[in-house]
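Please keep the sequence and the structure in view while reading.

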Amino acid sequence: MFCMTLARKRVAKKKAKERNLQIDEEIRNRRKNQLHDMLILGAPQSGKSTLLKQIKLLTVGFSQHERVEWILDCRVDVLRSLQHLFVISHKLDISFSSDVIDSFDNLSRLTDEELTEERMTNEHRNTIIKLCENPEIMGLVTMWREHELNESGLSDSLHYLLTHASRIFSKEFIPNDADILRTKRRKSVVQEVCFDQGKRTMRAIDLENITGNKKKWTDQFDSVDYVIYCISLSDFNMTLAESPDVNKLRESLEEFRKEISQTNEQRVEFVVLNKMDLFREKLEKYHFSSFISEYQGPNIAEDCAKFIEEKLRQIMADTYVTVRCTSALDQEDFKLAMTLISESYVNCHLMPL
């Protein structure tokens, strides 16, 4: 009887051990397959979507099918840029020749779907290309770039899009990396990229241009344990279109402060000070202290950026945050930022399996 009881105990112990091993394996599999979410936040035109696209290019890349899907986005971005330039010309009381006005009138009724290769006419194709190459249009673009016209509807990539219009509207066009990085999506949607980080699957999420309903969307990401915040340094000499007395860079810092107060600040551990290339260009024409009066240092990009970094650290108080100056359009420079993002995430959140 004793031997039978002992045997049963051994069998039960063996089964318990096997079950424990099975549970351990299930836990490892869950952890391996778990999505670790990184949410990308920031003001409109701070470079959030460009950052997400760079993450995709550096990890999984864009397939041929995805690149084909970007064709219409590239063409729509060119058309909308032209249409917005026409609106600006009226605001500035700039007159165009009758040929240019007729061309704009011809395009005013053009829908996005009519820019697809299946529906686009040669007349519309040629009209758009000629407008983009027109000296009057390029003169307005130059005025916009040189005088920093405060138009939030215009992209930093405006000059790139117009100078590449003949290629973008060619029948053989397939977007390259630069085209995708510089093009806006037609619709405001939540974008995400899944990629492997060692044995784990990461998911980077960008709310893109969803501003009015941002609170509604962020409520759906309570499980997000890592936030990357984007701030455009090149906004230092610009004001909000809807509030001309409000400096855009100051507003970005204030929005960052609000974001910290509304969420768990422990999750905000990486800040990208973006558009460093444009920032350097602007500092050749403008003094940083003329717009950010409390700054008293030299008019050098690195010193000015350091000042903004110190302001961010004051907002974060005792919580450590990694700050990186970069240009999300510069793939080589962004590789370094991506390395820091990965290291920061792993060090703060993930234990080895």
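## Asparagine 247 and its polar contacts

Which backbone nitrogen lies 3.0 Å from a polar atom of the side chain of asparagine 247? In this predicted model, that atom is the backbone nitrogen of arginine 250. A polar atom of the asparagine 247 side chain also lies 2.7 Å from the backbone oxygen of phenylalanine 236.

## The setting of asparagine 247

Asparagine 247 belongs to the loop that runs between strand 4 (226-232) and helix 11 (248-262). The relative accessible area of asparagine 247 is 10%, and because buried means under 20%, this residue counts as buried.

When neighbours within four places in sequence are left aside, asparagine 247 is in contact with Asp235, Phe236, Met238 and Thr239, and also with Phe291 and Ile292.

## How helix 4 packs against helix 5

Two packed helices are described by the angle between their axes together with the distance between those axes. For helix 4 (residues 98-107) and helix 5 (residues 122-133), the angle is about 135° and the axes are 10 Å apart, and the two helices are therefore oblique to each other. The crossing in which helix 4 passes helix 5 is left-handed.

On the side of helix 4, the contact is made by Val100, Ser103, Phe104, Asn106 and Leu107, which meet Glu123, His124, Thr127, Ile128 and Leu131 of helix 5.

Notes:
Residues numbered from 1 in each chain as written. Predicted model: local features only at pLDDT ≥ 70, side-chain atom pairs only at ≥ 80, totals over all residues. Heavy atoms only, no water. Helix = DSSP H or I, 4+ residues; strand = E, 2+ residues; numbered from the N terminus. Buried < 20%, exposed > 50% of the residue type's maximum accessible area, 1.4 Å probe, protein only. Polar contact = N/O pair within 3.5 Å; in protein donor to acceptor, adjacent residues only side chain to side chain. Contact = heavy atoms within 4.5 Å. Axes fitted to C-alpha atoms, helices over the stretch in contact; angles between N-to-C directions. Parallel < 35°, antiparallel > 145°, perpendicular 65-115°, else oblique. Left-handed = near helix turned anticlockwise from the far one by under 90°.
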